[in-house]
Amino acid sequence: MPVYNRERYVVPALRSLLRQRDAADLDIIVIDDGSTDGSADAVRSMSGESPCIRLFQQQNAGVTRARNTGLRLLKPDTELVSFLDSDDISPAGRFEADVELFRKDPGLELSYSRMMLVDKIDDERLEPAADSYRITVRGIHLSSAIFSRRLVERIGWFDEEFAQAEDTDYLLRGFEIGPRYVLPETVALYYRRHPGNMTKQEDVQSREFLRAIYKSMKRRRANPSLRPIEGIFELDKLTDWRFM
Amino acid sequence: MPQANVYAVASKDIVFESFDGEAVVLDLASGKYFGFSDSGSRVWQALCSGVGAQALAGSIAGAAATGATGLDAFIAQLVELGLLVPSDGTAQPLPDELAAELAAANEPLNVSVHDDLADLIIVDPIHEVEEPLGWPAVKQAS
């Protein structure tokens, strides 16, 4: 979990993971990317009570480098890897449902589940608020994925050329190399929509997204054995998405 | 013969960027994306900035693989793909740097069409946000 100035949201995000401790032997790596608010203190306080939360701090270097820092800190015996952004919520039962798929199929390399966009989350219950507007899609989000350790090693590092859309690039690279994957119906993420979301910086986002597409195209041109990315993302329901 | 001398990007749904001199073009309405050969990228760049087809033809006539005949067919293809439309604008001069790059191009003019990421491209994150609709805002089918 990369964190940058998310004091208000990081605690609920971590609580949403801790409530799933029974589903897996969790090692929660938090990279504080030079926050100037109380984010690191909030995480440190939780880490004191829950040693499975490991906090690492670095000078602000951006989300892509923070993610790579996290990958470098994976324990040698870690078998499965997922991501949660510091302002999102991992639904109860998310890991129980999808980790089980890896237990049943030792050759599985990737589960890629659904995400729910929510405009209001009850941060006590860690569930969408009763009056929230929500929609569920198979979008493009790292939290939808659980990667086998082997796949993480096959994909390699996040490409630090990206200031944003590093997740899009990472997922495209992941699917291109043809992993054994499943597309469960699990809701793997409550994706909080609020004015501070990074993806609303439209100009940067557009160019970075185009760069991810460009790089995918270039890789596949250079290496015809890479797979086209078909039938993964199902986003058509987003045409109904509106903040009410 | 080309249909026109000057062309313009067909609509607001056609967005493009250049990376390392190579153009990538997205059609946000169809979700298709387009890749170009080196020479194709240069020609796309020139046509989008209003350089006349005649000026382009003169510049690339010397390059074996990208002669004037190839240029006409290439432009016709871009029009057919819905990326360019004829314009009645005034032809802009071809920048010297672009002319030199075109003259040095030694591969055919080519555009490749892909649609495997259509779902992703149609929905955003490229679409402009129109507050208070918020993100993601999706263009409604017209």
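Modeller: In chain B, helix α1(B) is followed by B:Gly50, which has a positive phi, near 90 degrees. Please keep in mind throughout that this is a predicted model.

Biologist: Thanks! What makes α1(B) largely enclosed by the rest of the structure?
Modeller: A residue is buried if 20 or more other C-beta atoms lie within 10 Å of its own. In helix α1 (residues 38-48) of chain B, ten of the eleven residues are buried, so the helix is largely enclosed by the rest of the structure. Among the buried ones are B:Asp38, B:Arg42, B:Trp44 and B:Leu47.

Biologist: What are the angle and distance between α1(B) and α4(B), and what is their relative direction called?
Modeller: The axes of α1(B) and helix α4 (residues 96-104) of chain B cross at roughly 150 degrees and come within 9 Å. Angles over 145 degrees count as roughly antiparallel, which makes α1(B) roughly antiparallel to α4(B). Their crossing is left-handed. On the α1(B) side, the contact is made by B:Ser39, B:Arg42, B:Gln45 and B:Ala46, and on the α4(B) side by B:Leu98, B:Glu101 and B:Leu102. By class, that contact has three nonpolar, two polar and two charged residues.

Biologist: And in chain A, why is α1(A) called roughly parallel to α2(A)?
Modeller: Helix α1 (residues 7-18) and helix α2 (residues 39-49) of chain A pack at an angle of about 25 degrees, with their axes 8 Å apart. Angles under 35 degrees count as roughly parallel, so α1(A) is roughly parallel to α2(A). The crossing of these two helices is right-handed. The contact joins A:Glu7, A:Val10, A:Val11 and A:Leu14 of α1(A) to A:Ser39, A:Ala42, A:Val43 and A:Met46 of α2(A). By class, six of the residues in the contact are nonpolar, one is polar and one is charged.

Biologist: What makes A:Arg134 partly exposed?
Modeller: Partly exposed lies between the exposed limit of 12 or fewer neighbours and the buried limit of 20 or more. A:Arg134 has 17 C-beta neighbours inside 10 Å, so it counts as partly exposed. A:Arg134 is found in strand β9 (residues 134-137) of chain A. Its C-alpha atom is separated by 4.5 Å from that of A:Val118, 16 residues apart along the chain.

Biologist: Where does A:Val118 pair?
Modeller: A:Val118 stands opposite A:Arg192 in β12(A). Four bridges join strand β6 (residues 114-118) of chain A to β12(A), and the two run parallel. Strand β12 (residues 187-192) of chain A is mostly covered, with five of its six residues buried.

Biologist: Which way do the residues of β10(A) point, and are they buried or exposed?
Modeller: In strand β10 (residues 145-148) of chain A, A:Ala145 and A:Phe147 point one way, A:Ile146 and A:Ser148 the other way, and all are buried. In a regular strand the side chains alternate between the two faces of the sheet. As for partners, strand β4 (residues 80-81) of chain A runs antiparallel to β10(A) and is joined to it by two bridges, with A:Val81 opposite A:Phe147. Strand β5 (residues 110-112) of chain A also pairs with β10(A) in the antiparallel sense, over three bridges, and there A:Ser111 has A:Ile146 as its bridge partner.

Technical notes. Residues are numbered from 1 along each chain as its sequence is written. Chains are lettered from A and ligands numbered from 1 in the order in which they are written. This is a predicted model: local features need pLDDT of at least 70, side-chain atom pairs count only at pLDDT 80 or more; totals for chains, interfaces and linings use all residues. Axes are lines fitted to C-alpha atoms, for helices over the stretch in contact, and angles run from 0 to 180 degrees between N-to-C directions. Angles under 35 degrees count as roughly parallel, over 145 as roughly antiparallel, 65 to 115 as roughly perpendicular and the rest as oblique. A crossing is left-handed if the near helix is turned anticlockwise from the far one by less than a right angle, and right-handed if clockwise. Two residues are in contact if their C-beta atoms, placed from the backbone, lie within 7 Å. Ala, Val, Leu, Ile, Met, Phe, Trp, Tyr, Cys and Pro count as nonpolar, Asp, Glu, Lys and Arg as charged, and the others, Gly among them, as polar. Two strands pair if DSSP finds at least two bridges between them.
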